[in-house]
Amino acid sequence: MEKLIKILIRYYPVFLHGLWGTLWLAAATVLLGTVLGLVVAILRMSRIKAFNTIAGIYIEILRGTPILLQLYFFWLMLPKIMPFKMTDTGAILVALIINASAYISEIIRAGIAAVDPGQWEAARSLGLSEKNVMRRIILPQAVKNILPALCNEFIAEVKGTSLASVFFVRELTTAYKTVQSTTFLAVQPLLISGMIYLIVTTVLSWAVRRLERRLKASD
Amino acid sequence: MIEPIIRTVDLHKSFGDIDVLHGISVDIAAGEVVSIIGPSGSGKSTFLRCLNRLEEPTGGSILFKGEDITKKKNIAAYRQRIGMVFQNFNVFPHMTVIDNITLTPILEKKIPRAEAEAKAEALLARVGLLDKRNEYPRKLSGGQKQRLAIVRALAMEPEVMLFDEPTSALDPEMVKEVLNVIADLASSGMTIVNVTHEMGFAREVSDRILFIDEGIVQEEGSPDEFFTSPRCARTIEFLSKVL
């Protein structure tokens, strides 16, 4: 306990730095993963069979293989195929975004599917173009279904990005490794990192539940 | 003879193995008010929904002012000329009353917002909803939602209005306020195709009644001859149950 407090006092900037890295990685992953996921979801729902199939395979591969394996893959491949210099952090972020896009596309698809079919029919019967039906009628209503699930995805990513520590990307689990290797103490920094994760996810979960209640109330 | 505004020729529709429409050929003249009645599951709603291709017919054709719209790629352009009102209102819950009405005219007909809103307000006044202009639909009663849905369709200045059991989901005390709006529309010369269970109303406002059962038109005629001296055995049986 004494050691734990000492480490905390001495190394708190390292942990804070790591926490910042974790939040930043998770936020970038979910935000850009949502943009990419929306594209994948639209392709998946396309009436053009080829788009539909390609998006389906994309989702299957990313959801059907371990994320750590995907991180290794992109970490190895991206620097080779990119014309510019790709940092480890860059490669890992891209990998996280691509992985998240598969899950998020399914969140979006489910959110769209949950919109009352009568809304499609009414919008189409007025003569709205398919693009406007989607943009003006369906998506705004689907957002209510999608938003809480996306926030939960963010919470999952806060924990999931710990895998980036394998590649020494700056985040909270890497902070643990850093402190561990300088102090030769394993358990205490592990507990500190764990506590920080727990506090952050608990606060976020509480915020998501509040958001869900508010969205429900506005129905 | 004047060309009908809508003509269906041997219209067929099946969902997988289930045949719902077995060849319906109907002409609807401009300004005519046609009510379609029949038992549940008879295909009457499916027929109506084929007219603007919310359901894709599996055979036959639909002519809108002589043009076959069955194979048209840009069906949205035709839908702008064919208004539709649904049983469950399907108003847009995330938009205010006025935005529900002006959305499509502004987006698809490129009408300036001020002009679209002025017209929407006139329509709202006509159905007694002007005071709800800035409300969201969740604040409206069923009858008010349905009147909004009618106004939303009218704002596109359609040449035909399709009603799909417009009062079936309403509490009894709200049926009349919606029927009054439809009756008012009928007397203004709008072409109306109305799928309904309201026999009294159908008899009152219609120029013609179509009785559809088992996917075909079993009988058609003027309201008086249809309700007082039906010829077809199925019609007689149906009317004996509902009247």
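In this predicted model, F211(B) has a relative accessibility of 0% and therefore counts as buried. A partner for this residue is F238(B): the two rings form a tilted aromatic pair, with 5.1 Å from centre to centre and 40° between the planes. The pair joins distant parts of the chain, since F211(B) belongs to strand 9 (residues 208–213) of chain B and F238(B) to helix 9 (residues 233–242) of chain B, 27 residues apart. F238(B) is buried as well, because its relative accessibility of 10% falls under 20%. Both rings also belong to one aromatic cluster, made up of F211(B), F226(B), F227(B) and F238(B).

How many aromatic pairs does a search of the whole structure find? Over all chains, the search finds eight. Among them is the pair of Y72(A) and F167(A), whose ring centres are 5.0 Å apart; their planes meet at 70°, so this pair is edge-to-face. Here too, distant parts of the chain are linked: Y72(A) sits in helix 3 (residues 67–81) of chain A, while F167(A) sits in the loop between helix 6 (130–160) and helix 7 (172–183) of chain A, 95 residues apart.

Turning to the surface, a patch of positive charge gathers K131(A), R135(A), R136(A) and K110(B). K110(B) is found in the loop between helix 3 (97–108) and helix 4 (113–126) of chain B. With a relative accessible area of 66%, K110(B) is exposed, because this value is over 50%.

Definitions and conventions
Residues numbered from 1 in each chain as written. Chains lettered and ligands numbered in written order. Predicted model: local features only at pLDDT ≥ 70, side-chain atom pairs only at ≥ 80, totals over all residues. Heavy atoms only, no water. Patch = residues over 30% accessible without salt bridge, like charges linked within 9 Å, V, L, I, M, F, W, Y side chains within 5 Å. Areas by Shrake-Rupley, 256 points an atom, 1.4 Å probe, with all protein chains shown as cover. Salt bridge = Lys/Arg side-chain N within 4 Å of Asp/Glu carboxyl O. Lys, Arg positive; Asp, Glu negative; His and termini not counted. Charge placed at Lys NZ, Arg CZ, Asp CG, Glu CD. Helix = DSSP H or I, 4+ residues; strand = E, 2+ residues; numbered from the N terminus. Buried < 20%, exposed > 50% of the residue type's maximum accessible area, 1.4 Å probe, protein only. Phe/Tyr/Trp six-rings, centres within 6.5 Å; stacked < 30°, edge-to-face > 60°.
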